[in-house]
Amino acid sequence: METECAEVIVSIMRAEVDRVFHYAVPDELKPVLTPGHRVAVPFGGRNVEGCVVGFSKPSVDPSRIKAITAVLDDYPLLTPVMLELARWMKTKYYTTLAACLRCVAPSWTGSAKRAKTLFVCINGGAGFAEELSHVNEKGGPQALVMKLLSERGATALAPLLKELGISASPVHTLVKKGLVILEERSSAGVSRSDIAYEPGRSFSLTDEQAEAIETLLNTQSEKPGRMWLLHGVTGSGKTEIYMRLIEKALEAGKQAVMLVPEISLTPQAVDAFKQRFGAVVSVTHSRLTPAERVAEWQAAREGRVSVMIGPRSAVFTPFNNLGTIIIDEEHEKTYVSETSPKYAVIDVAEKLSKLTGAAVVLGSATPSVETFYRAKCEEIGLITLKKRVNNRFPDVETADLRTELAAGNRSIFSRRLLDAMDENLKRGHQTILFMNRRGHSTFVSCRTCGFVLECGHCSVNYTYHIQSQRMLCHYCGAAERPPSLCPVCESVHIRYFGVGTQKIEEEVRRLFPGCSVLRMDMDTTARKDGHESIIRRFATGQAQILVGTQMIAKGLNFPNVSLVGIVDADTALNTGDFRSAETAFQLITQVSGRAGRADVPGRVIIQTYNPEHYSVSFAKEGDYNSFYEHEIRVRKTLGYPPFGDIFMALMSCPDEKRLINTQNELARLMKAYNRKGFFEILGPAPAMVSKINNMYRWKILIKSSAVGEDILLHFAFYCVDKLKNRCDLDGVNLNLTLNPRILV
């Protein structure tokens, strides 16, 4: 009688090996091996990792079937739901199943054995009391460590040091004195808190909030898995609604995933949720170490936590009884993966809801046009919150920079914004200045001949960063010192033009001596706890002005902020993308929402050269519906989503001639197979940034409004497969995206 073999996907991300391989199951492994287990298998003369995805009887000669070498984990790494999700993603995003399995369980490529963490423990014994009394008499960090350990018992070292704000030196001194010991423990004992939280109280609800919660809960009991858009103005109390929904899920013995678009939002979200729900809340994001991420993942897999908070990848948390998925700021492009598989979180959440019955809530003050269109068409539910919890909206005004220029004002700040900042400082209130461009100057140029210094590896200008006194490329990371002479005409007149967050910070310090300023951008948040440190310092009043990029534009709550200055609202309008008006409206509205969130009246000043543009004027009025009606007419006229679909085939290669020939061949195939004229083929053409890190980039766009998404994908993938049969694509990177958030 034939014996079933294990179906294994090996962890090699190549299309030619992306299929099931059969392996015999040794007798000692048969009682424990199930789909989802990570295993070691012989492959190509060596042992590789793989994932068991099922069992079946092979059609090949049994003597040719090799056996599994080992099971690598104590339990199946992937749940049945996650295996099914990975299979769906393979088809949806035209990628390998191995890549999808690694995506849904990032720890697959590393050890999934229980992570080890260093703990500090009190070491009693002879002489302990006497030595401890000496430490307490001297006081200082050593005494603080001993006091904390006596209250809590064994504590993970890293969180302890962070909470006390000390280095590891006092702990090592205590080890030498014999008062404490350091030992490794498994992740089951890892404290997932940086701070001790007491469970907090819930807030009283407004009528709108109460009605929204009732609607959501009633629908979930009647129609499990329903997706809803919670369209609430900034400050309308969406977070409290999220908490009430999660509370109900926990009471029913279910788990919840809370997604935020930026790592910068995680600290405040974690604080709020841990104060409400305590130790059942966990967090994951890319700034954690691999061991820390594995620990969080294992805690969820083993049922030791019930709420996971984090950016995009948190949607793959392996809960066994998922009840609620919340996607806050659902419009953000960070919810779409830039690497294969290029998944969209909303798509994944919707599929999970079908697999598990979990409710999905999309929250935003400025929902994407596509999501709002679905709500209008009643594909998904719509709940609207029109009022702020404090019943107070900020006063929003525009400052026309054309008028400022005509009046001789060539500074970064309009006279109106400058006066408002001065007045705000005198009142003791806080100010946020938003500029969606980091660095000091956006380009370095010769005033004599006009030459602009570009990165030698990318087709972009260098950005000058004053602190490092370097010209940096924001694409490949190349850095150079600014030249003293122009490399073209040898003029000494090298100057810095344009404005970034560094320049704004510098100007604020010059105009307001003694004013405490913080800056939040990619440069200041590079270290692990950079976001959290800046947010806490500003929230506790340690700075009067916060300068930042889109990291500060949404989701953050600072009660003492009464003024928001949008230094250049036109930046988002000039991207050359069909979503540029939508992006500009969202950014202006979101950052405006940081003002006047508590008892302090709010004021917003939008600096722009184009105050008549509909995205600016509607954002000024806080009128999303009017913006949507205008934008949806534009989309319909041009056949853009949601009235049509766009498929982008982006290729990159170090040999530009070969790249162009390959793109031309793909375009020829597409035109040849487009016999019924369903598709509009645009290109080939250079990408907006035509070279990054010595790789040339060209793209082809396919537009279609005559057929649906599935037929467009089938056509595009069919043509790409034909290309692979005709051309050697070794060394050519192929990036395929449906309805990309940005047309690169």
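The radius of gyration used here is taken over C-alpha atoms, and the rule for a globule is 2.2 Å times the number of residues to the power 0.38. Keep that handy, and remember that this is a predicted model.

**Exercise 1.** Work out how the chain's radius of gyration fits with the rule for a compact globule.

*Solution.* Start with the length: the chain has 744 residues. Next, take the rule's value, which for a compact globule of that length is near 27 Å. Now look at the chain itself: its radius of gyration is 28 Å, so it agrees with the rule. For another view, the C-alpha atoms fill a box of roughly 90 × 90 × 65 Å along the principal axes.

**Exercise 2.** Find what share of the residues is buried, and what share of the contacts joins residues 24 or more positions apart.

*Solution.* Buried means under 20% relative accessible area. With that cut-off, 53% of the 744 residues are buried. For the contacts, count those with a separation of 6 or more: 75% of them link residues 24 or more positions apart.

**Exercise 3.** Explore the largest nonpolar core, then trace the contacts of Met89.

*Solution.* First, some background: in soluble globular proteins, nonpolar side chains tend to be buried together. Here the largest nonpolar core has 88 residues, and Met89, Leu101, Phe316, Ile327, Leu546 and Ile566 touch the most other members. Now zoom in on Met89, skipping its neighbours within four places in sequence: among its contacts are Tyr94, Cys103, Phe316 and Tyr343. Finally, spot the second, separate core of 26 residues, including Leu666 and Val732.

Technical notes. Residues numbered from 1 in each chain as written. Predicted model: local features only at pLDDT ≥ 70, side-chain atom pairs only at ≥ 80, totals over all residues. Heavy atoms only, no water. Buried < 20%, exposed > 50% of the residue type's maximum accessible area, 1.4 Å probe, protein only. Contact = heavy atoms within 4.5 Å. Core = buried A, V, L, I, M, F, W, Y, C linked by side-chain atoms within 4.5 Å.
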